[in-house]
Amino acid sequence: MAALIIAESAIFTIFVVAYLFYVGKSLTGPTPLEVLETPVFYSICLLSSSITVHLAGTFLKRGKQGAFLGLWLLTFILGGLFLFGTGQEWHRLIYEKA
């Protein structure tokens, strides 16, 4: 799991560095600011789902199954919202901005 997290963090870091390096350097194509939007709400959903799954595990260890199920469901909803937002962003990039 640690190797997966480190690899994903490295890939994300590479994309951020590449984005910052190439901002405004294209003379013919669209700039990243013209194409990309910051999905703040969906990023908050993703980060919040990490908290809810941690809390769900904590409640499960304490034997509070009702709280566990509620937080587990909330985790799935937040993850689903993030996936929906990612799908919307890709759809916009492929079909509307192409």
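**Stop 1: the largest pocket.** About 1100 Å³ of space lies in it. Select Phe 12, Val 16, Pro 39, Ser 43 and Phe 82: of the 21 residues in the lining, these lie nearest the pocket's centre.

Stop 2: Now show the whole lining and colour it by class. Expect 14 nonpolar residues, five polar and two charged. Next, colour by helix. H1 (2-22), H2, H3 and H4 each supply at least two lining residues. Which helix gives the most to this lining? Select H4: its share is six residues, the most given to the lining.

**Stop 3: H3 against H4.** Select residues 40-61 for H3 and residues 65-96 for H4. Their axes lie 8 Å apart, and the packing angle is about 160°. The angle is over 145°, so H3 runs roughly antiparallel to H4. Then colour the contact between H3 and H4 by class. It holds 18 nonpolar and eight polar residues, with no charged residues.

**Stop 4: confidence.** Finish by colouring the model by pLDDT. The protein averages 89, and 95% of the residues score at least 70. Where is confidence lowest, and where is it highest? Select residues 32-35, helix H2: the mean there is 70, the lowest in the protein. Then go back to H3, where confidence is highest, at 94. Where pLDDT is low, the predicted coordinates should not be read in detail.

Note on methods
Residues numbered from 1 in each chain as written. Predicted model: local features only at pLDDT ≥ 70, side-chain atom pairs only at ≥ 80, totals over all residues. Heavy atoms only, no water. Axes fitted to C-alpha atoms, helices over the stretch in contact; angles between N-to-C directions. Helix = DSSP H or I, 4+ residues; strand = E, 2+ residues; numbered from the N terminus. Parallel < 35°, antiparallel > 145°, perpendicular 65-115°, else oblique. Nonpolar A, V, L, I, M, F, W, Y, C, P; charged D, E, K, R; others polar. pLDDT = per-residue confidence, 0-100. 1 Å grid on protein atoms, 1.4 Å probe; cavity = no way out; pocket = protein on both sides within 12 Å on 5 of 7 lines; lining within 4 Å. Points joined across faces, edges and corners; volume = space filled by probe spheres on them.
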